[in-house]
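Colleague: I'd like to learn how to read a model like this one, feature by feature. Could you give me the general idea each time, and then the case in hand?

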Amino acid sequence: MLVALQVVALLALVLWWQHANGDHHHQQLKLAAVTTPAATTHRFDVERALRTVRMQLAAGPRPAASPALREVAEKLRRRLPDAHFEDVPDNPGMRNIVGELPGTEPAIVLGAHYETINRPKGFVGANDAAAAVGALVEIAHDLRHADRGPDAPAIKFVLFDGEEELAPTDDFYADALRGSKAYMNAHAGQVRAMLLLDYMGNKGVRLPREATSDAALWKQVRAAARRVGTESIFPSATETGILDDHTPFLRAGVPAVDFIDWSYPVAHTLDDNYDHLSAAAIDAVGETVTDLLLHWPQSIG
C-alpha cells in the first residue's frame, strides 16, 4: 500500500512538473515571438547611443542633485549641441540640460529625464531612463548633421532633472516632475510640441499610445514608424494614462506624447540593468523619432 501511494505521489509530481514547465515554456515562446523589427533607415547610430547609456550606468545611482548626477550632467552637456544648464527653481542643486538646433519658432521639445529614483538602494535605471537619454543625445547628434531644410522648426533637447518623487507620495504631479514643470513655466509660449522618451529601450518593447498623449501627434509618430519599417512596435491601441514629464506641457495646451512601455516588468527594481536593454528597441525608436523630426508635419505646427 505504501509503495502504491508513493507511485501515485510520484505520478502527481511528474504531472505537476510538466504542467508548470509547460506554462513556463509557453511564456518563453510568447516572449520569443515579440520581436523588434529592424528599421529600413540608417540615420541613427545605436552603438553611439549605447555608449552614452553605459557612461551613465558606470556612474551608479544618480539621484537628483547628487555628486554622481552632476558629474554625468557635465558629460551629457558636452554631447548635446549648443547646450547649457537651467536651474530648477526652489530645488537646490537640480538642473535641466538644454541643447538646441536652430530653426523656426516656436520649438519642438524632445525630452527625457536623466536622474534616477533614490530607491531601492543601488538602483541604476537602465531603462528608467538611461536608454532614453542615450537615444535623445544620439538623435541630437544625427540631426545636427542632417539637411533639415530652411523652414525646419527649432528643436530643444531637454534632459529633465527631478522627474522622480523623493519619497512615495499621494500627489505625484505636485511632488515630482520638477524639471519639466520648471521648463514649461520658464518657456511658456515657446514650445509648439513635445516628445518624451521614457521606458523605450527594453527587450520586446511595445509602445501603444499613452492615454493622455495627443492623438493627432501620436498619429504622426505612427506614420513615421511606417516610413522606417517599425510600425509593429507602435500598435493601434491605447494604454493607461500616466503622469510624466509630458504632463506639464499638456496642461499648458502643448501637444505632447509619451514614449513609454508601461508593461516593463522590472521597473523600479535592481533588475533594471543593462541586461534588460535591447539595441534593436533603442534603434527602432531612435530611427522613428529621427524621421518624425526630419519630416515634421505641418498639421502639428
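Modeller: Gladly. Let's begin with contact, which means heavy atoms within 4.5 Å. This is a predicted model, where local features need pLDDT of at least 70 and side-chain atom pairs count only at pLDDT 80 or more, while totals for chains, interfaces and linings use all residues. Residues are numbered from 1 along each chain as its sequence is written, and side-chain values use heavy atoms, with hydrogens and water left out.

Colleague: Then which residues is Leu197 in contact with, leaving aside its neighbours within four places in sequence?

Modeller: Leu197 touches Leu110, Gly111, Ala112, Ala132, Ala135, Leu136, Ile139, Phe259, Val285 and Val289. For the protein chain, take the contacts between residues at least 6 apart in sequence: 78% of them join residues at least 24 apart.

Colleague: How should I read a nonpolar core?

Modeller: In soluble globular proteins, nonpolar side chains tend to be buried together. A nonpolar core is a set of buried Ala, Val, Leu, Ile, Met, Phe, Trp, Tyr and Cys residues joined through side-chain atoms within 4.5 Å. Buried means under 20% relative accessible area, exposed means over 50%, and partly exposed lies in between (1.4 Å probe, protein chains only). Here the largest core has 60 residues, and Phe157, Leu195, Leu197, Phe259 and Leu293 touch the most other members. Helix H4 gives the most to this core, with 12 residues. A second, separate core has 12 residues, including Val98, Phe249, Val254 and Ala256.

Colleague: And what share of the protein chain counts as buried?

Modeller: Of its 301 residues, 52% are buried. The accessible surface of the chain is about 13600 Å², with 57% belonging to carbon and sulfur atoms; such areas come from the Shrake-Rupley method with a 1.4 Å probe, and for residues only the protein chains shown count as cover.

Colleague: How do I read the strands and their pairing?

Modeller: Helices (H or I, at least four residues) and strands (E, at least two) are DSSP runs, numbered from the N terminus. The chain has 9 helices and 8 strands. Two strands pair if DSSP finds at least two bridges between them.

Colleague: Which strands are joined to E2 by bridges?

Modeller: Strand E1 (residues 84–87) runs antiparallel to E2 and is joined to it by 4 bridges; Asp87 has Arg95 of E2 as its bridge partner. Strand E4 (residues 153–160) is also antiparallel to E2, with 5 bridges between them, and Glu100 has Lys156 of E4 as its bridge partner. As for cover, 6 of the 7 residues of E2 (residues 95–101) are buried.

Colleague: What about salt bridges?

Modeller: Side chains of opposite charge can pair when their charged atoms come close. The criterion is a side-chain nitrogen of Lys or Arg within 4 Å of a carboxyl oxygen of Asp or Glu. The whole structure has 12 of them. One joins Glu71 and Lys75, at 3.9 Å from N to O. These two residues are 4 apart in helix H3 (residues 67–79), so about one helical turn separates them.

Colleague: Where do Arg119 and Glu165 lie?

Modeller: Their closest N and O atoms are 3.1 Å apart, in a salt bridge. Arg119 lies in the loop between strand E3 (104–113) and helix H4 (126–144), and Glu165 in the loop between E4 and helix H5 (172–175), so the pair ties together parts that are 46 residues apart in sequence. Arg119 is partly exposed at 25% relative accessibility, whereas Glu165 is buried at 14%. Elsewhere, Asp45, Arg48, Glu138 and Asp142 are linked in a network of salt bridges.

Colleague: Finally, what should I look for in the backbone?

Modeller: Most residues other than glycine have a negative phi, and most peptide bonds are trans. In this model the bond from Glu105 to Pro106 is cis, with omega near -5 degrees, and Pro106 is in strand E3. The bond from Arg119 to Pro120 is cis too, with omega near -5 degrees; Pro120 sits in the loop between E3 and H4.

Colleague: Which loop holds Asp90, and is Asp90 buried or exposed?

Modeller: Asp90 is in the loop between E1 and E2, and counts as exposed at 79% relative accessibility. Its phi is positive, about 65 degrees, although Asp90 is not a glycine. Ala65 also has a positive phi, near 70 degrees; Ala65 is found in the loop between helix H2 (46–58) and H3, and is partly exposed at 32% relative accessibility.
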